[in-house]
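Dear colleague,

Please find below the sequence and structure that I am handing over to you. My account of what was found follows directly after.

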Amino acid sequence: MSTGNPAAVEKLSRREYVLAQRELRRKKMFALALVVPLLLFLFFAFVAPIGTMLYRGVYNPVVAELIPDTLQALEQWEGQTLPDDAVLNRLALDLKRLAQTRKSGKLAEEINRHWPGASSVIKSTARRMKRQTDEALLNGGADMIRVANKKWQRVEIWRAIKKAGQVYTDGYYLTALDLERNADGDIQQRESAQIYIKLYQKTLWMALVITFSCLLLGYPLAYYLANAPSKTANLMMILVLLPFWTSLLVRTTAWIALLQTNGVVNSTLMALKIINQPIEMLYTEFSTIIAMTHILLPFMVLPLFSVMKGIDPSLMRAAQSMGAKPISAFISVYLPNTLPGLSAGALLVFIISVGYYITPALVGGTDGQMISNIIAFHMQQSNNWGLAATLGSLLLVLILALYWIYDHFIGASNIKLG
Amino acid sequence: MNTPGTFNDASDHYLQFKAVQKSYDQVTLVVKDFNLDVSQGEFLTLLGPSGSGKTTVLMMMAGFESVTSGDILLDKHPITRTAPYRRNIGMVFQNYALFPHMSIAENLAYPLKVRKKPKAEIESQVARFLALIELEAFGNRTPGQLSGGQRQRVALARALIFNPSLVLMDEPLGALDKKLREQMQLEILRLHKKLGFTVIYVTHDQTEALTMSDRIAVFNDGVVQQCASPDVLYEQPSNAFVADFIGENNFLPGVVEHVSDDIADIKVSTGEVIRATRVDCGDSGSDKVTVAIRPEKLFILPTDHEYDSAITVKLTDRLYVGDFLRYFFELPDGTEIVVKYLNDHAAPRIAVGDEVQLVFRARDSFAFSPM
Ligand SMILES: Nc1ncnc2c1ncn2[C@@H]1O[C@H](COP(=O)(O)OP(=O)(O)O)[C@@H](O)[C@H]1O
Ligand SMILES: [Mg+2]
């Protein structure tokens with residue numbers, strides 16, 4: 001292969017070089033102008049929310065804003081004995097203000113996360129403080145607090161307050177990883193329930209099962225579509241795409257109708273006398289997996305189809321003419337050539353299912369819950385945005401790590417969507 | 001002379017088609033009563049227009065399409081029911097069908113690996129064939145990094161490397177430009193001479209068929225019209241289709257006046273009676289015939305060439321093609337006739353609209369029953 005004589009290449013003069021550079025810059029500016037709207041959109045819709053989420057996982061100003069004076073007074077406190085009266089007086093004043101502005105509930109909720117049982121203590125005390133004057137509280141607040149609830153004599157509640165008052169905290173991350181700090185401040189496994197790691201494992205496991213189910217169903221289907229006469233292929237393609245055109249909610253509800261105790265599947269099986277008792281299929285891991293496989297199947301079929309469509313059908317024939325049996329020809333020739341579509345489809349399905357929310361929420365019951373459902377729970381029900389953000393961040397890290405592993409072993413350049 | 005479908009050439013019956021038929025839709029026959037006898041080491045070309053069933057015949061040979069009826073015998077063994085991967089037939093596809101995920105060397109090694117040959121033997125064979133196709137330095141490239149001609153050479157080597165009993169090539173040069181195609185034709189012939197394999201070559205390009213083949217089976221509408229060596233095919237076509245398909249020809253419609261042995265007297269539309277070699281036309285008076293005469297076998301009077309017949313025609317156009325001239329004539333009934341002359345001092349000087357007489361020998365004109 002001769003690539004031309006390099007000596008024959010003429011150098012640009014200084015002036016030509018400048019002109020060429022200017023031309024290049026103009027082209028670049030034009031290209032940039034084309035993508036500016038997209039970049040702005042990406043920033044507001046993507047970078048900013050994710051940044052906020054990551055920040056929220058470590059930044060928790062709620063308590064610090066609710067009882068700033070108390071926390072300031074607690075700064076010198078070592079945490080071994082009960083704090084002195086000055087601190088309690090400050091707290092009494094803070095609680096009164098919170099009670100008046102109806103924010104004591106918020107504080108109670110926050111502290112309760114660090115020391116279960118603190119909620120009622122704080123609420124009842126705040127109610128009492130509300131009736132006192134500032135003067136009285138500033139001088140005798142400590143006594144009133146001690147009278148209001150015996151639990152103020154426990155050092156744990158003070159530790160909880162101090163901990164909750166930290167503006168920057170690794171607490172959410174520890175919680176999300178099923179860890180905690182003991183009294184000495186060392187990190188250890190949480191003695192109470194191990195929830196989140198198990199849930200991550202289960203989520204990954206379910207995503208894996210869903211990906212494999214999609215592959216198992218999607219690969220032959222894509223093969224059929226890619227090799228069928230175009231008329232049949234078009235019709236079948238519509239059937240594959242149909243799920244995209246119907247509302248996700250409708251499809252999920254259809255699965256409820258199918259799988260519930262008196263649903264279509266059970267009635268049919270019972271009518272055929274295959275089973276006597278209805279099988280519990282809805283609100284299980286099984287129902288989540290089957291419904292999500294259905295919903296995510298197009299994401300597997302489409303990239304596979306487009307890659308298979310580009311594979312020369314004579315490759316398989318060539319392999320067989322050279323003496324390869326059909327199965328060996330498939331493994332050594334066809335399969336490697338579908339790898340780009342297979343990786344793309346598998347990666348899509350896997351990543352989408354790892355973060356899926358609506359279907360497990362509707363058909364999963366308690367058994368079929370995935371990590372997103374717990375994130376939603378913390379956002380909507382327990383109002384623990386910090387933990388929700390942390391769990392979300394960990395999910396993001398997990399997906400990036402998986403992508404990195406994929407890239408390392410198979411190569412991201414192998415992904416082909418069309 | 002051959003009649004369609006039967007060939008009694010001296011042959012060692014290496015590959016035989018016996019009354020092979022093929023239908024895809026259980027209604028129409030795409031290949032009808034296909035008979036062919038190929039000798040070992042022969043270069044046989046299937047030549048026919050697109051859609052005539054050439055690929056179908058190759059696919060039946062390779063085992064990718066079933067045979068509806070009839071038998072294919074390779075070295076006297078029927079292979080009709082043998083799986084493709086057991087037939088030991090090499091195949092070169094029009095679009096090369098190289099494995100894009102393998103290097104050139106891996107592509108060449110594939111058939112040997114499948115046969116579980118020892119590693120050292122595979123390596124030496126691959127090296128030998130890379131040298132044979134003059135691509136020694138390209139073993140590590142992927143097919144995507146090669147030019148069309150190079151890919152074609154690799155496809156060729158891959159089909160030959162496992163020493164197949166037979167090599168099938170389905171329009172292997174169809175995707176190449178003219179110059180490259182001519183180069184590759186020589187390349188294939190060189191390898192054929194060197195390695196002595198048996199080839200069934202498919203093409204719709206008659207020039208390619210004529211220059212490359214030992215024998216050509218002209219194929220139309222699922223039937224072999226004639227199977228013969230290139231010169232026989234050109235000079236003694238066995239029916240009107242072959243006469244038309246191979247090379248250029250003029251066709252004069254007429255009716256039989258009289259037949260004696262293999263010469264027919266035929267009355268053409270000008271009212272003149274001409275004499276032509278009788279091939280497959282009827283012999284009773286008033287049977288319709290068509291007489292084929294090649295442009296280079298027609299001469300304009302006055303001429304030094306011998307002739308048996310003459311027809312009167314009018315010049316409508318003259319085309320200057322450099323080394324030769326083409327004269328276009330018309331009969332009163334509108335039939336067009338082309339005459340080809342070398343562009344030398346003997347070329348006649350006539351003007352458009354002139355009436356002249358065209359003459360030819362009976363042995364250069366053939367009377368066929370019309371297509
Ligand atoms: N797989 C097939 N199914 C149905 N009809 C086919 C198939 N392959 C070829 N045909 C038909 O058979 C005829 C011969 O085709 P083919 O063998 O490809 O001709 P050629 O190679 O000479 O162009 C054509 O009319 C074509 O439409
Ligand atoms: Mg063909």
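**The interface between the chains**

Across the interface of chain A and chain B, the rule finds 0 salt bridges. Please bear in mind throughout that this is a predicted model. On the side of chain A that touches chain B, the elements giving two or more residues are α15 (314-321) and α16 (326-354) of chain A. By class, that side of chain A is made up of 10 nonpolar, 7 polar and 3 charged residues.

As to extent, 20 residues of chain A are in contact with 23 residues of chain B. The two chains, A and B, bury about 1800 Å² between them, and 64% of this lies on carbon and sulfur atoms. Between chain A and chain B, 5 residue pairs are in polar contact, counting pairs with both residues at pLDDT 80 or more.

In soluble globular proteins, nonpolar side chains tend to be buried together. Here, the largest nonpolar core holds 108 residues, of which B:F34 and B:I200 touch the most other members. Helix α14 (residues 285-309) of chain A supplies the largest share of this core, namely 10 residues.

Which residues does B:F34 contact, leaving aside its neighbours within four places in sequence? They are B:F17, B:K18, B:A19, B:V20, B:L46, B:V57, B:F219 and B:V224.

**A buried arginine in chain B**

I would also draw your attention to B:R326, which lies in strand β17 (residues 324-330) of chain B. Is this residue, B:R326, buried or exposed? Its relative accessible area is 15%, and B:R326 therefore counts as buried, the limit being under 20%. The side chain of B:R326 makes a polar contact with the side chain of B:E248, at 2.4 Å. Leaving aside neighbours within four places in sequence, B:R326 is in contact with B:E248, B:D317, B:R318, B:L319, B:V321, B:V338, B:V339 and B:K340.

**Salt bridges**

Side chains of opposite charge can pair when their charged atoms come close. Over all chains, a search of the whole structure finds 23 salt bridges.

Two of these involve A:R113. In one, A:R113 pairs with A:E109, the closest N and O atoms being 3.4 Å apart. These two residues, A:E109 and A:R113, are 4 residues apart in helix α5 (residues 104-114) of chain A, so about one helical turn separates them. In the other, the side chains of A:E110 and A:R113 meet at 3.3 Å, N to O. Because A:E110 and A:R113 are 3 residues apart in helix α5 of chain A, they too are separated by about one helical turn.

The accessibility of these residues is as follows:

- A:E109 is partly exposed, at 26% relative accessibility.
- A:E110 is buried, at 5% relative accessibility.
- A:R113 is partly exposed, with a relative accessible area of 29%.

A further salt bridge joins A:R154 and A:E156, whose closest N and O atoms are 3.6 Å apart. Both partners count as partly exposed: A:R154 has 38% relative accessibility, and A:E156 has a relative accessible area of 29%. Finally, A:K106, A:E109, A:E110 and A:R113 are joined into one network by salt bridges that share partners.

With kind regards

Terms used:
Residues are numbered from 1 along each chain as its sequence is written. Chains are lettered from A and ligands numbered from 1 in the order in which they are written. This is a predicted model: local features need pLDDT of at least 70, side-chain atom pairs count only at pLDDT 80 or more; totals for chains, interfaces and linings use all residues. Side-chain values use heavy atoms; hydrogens and water are left out. Contact means heavy atoms within 4.5 Å. Buried area is the accessible area (1.4 Å probe) that two parts lose on being put together, summed over both. A salt bridge is a side-chain nitrogen of Lys or Arg within 4 Å of a carboxyl oxygen of Asp or Glu. A polar contact is a pair of N or O atoms within 3.5 Å; within protein, one must be able to donate a hydrogen and the other to accept it, and residues adjacent in sequence count only if both atoms are side-chain atoms. Ala, Val, Leu, Ile, Met, Phe, Trp, Tyr, Cys and Pro count as nonpolar, Asp, Glu, Lys and Arg as charged, and the others, Gly among them, as polar. A nonpolar core is a set of buried Ala, Val, Leu, Ile, Met, Phe, Trp, Tyr and Cys residues joined through side-chain atoms within 4.5 Å. Buried means under 20% relative accessible area, exposed over 50%, partly exposed in between (1.4 Å probe, protein chains only).
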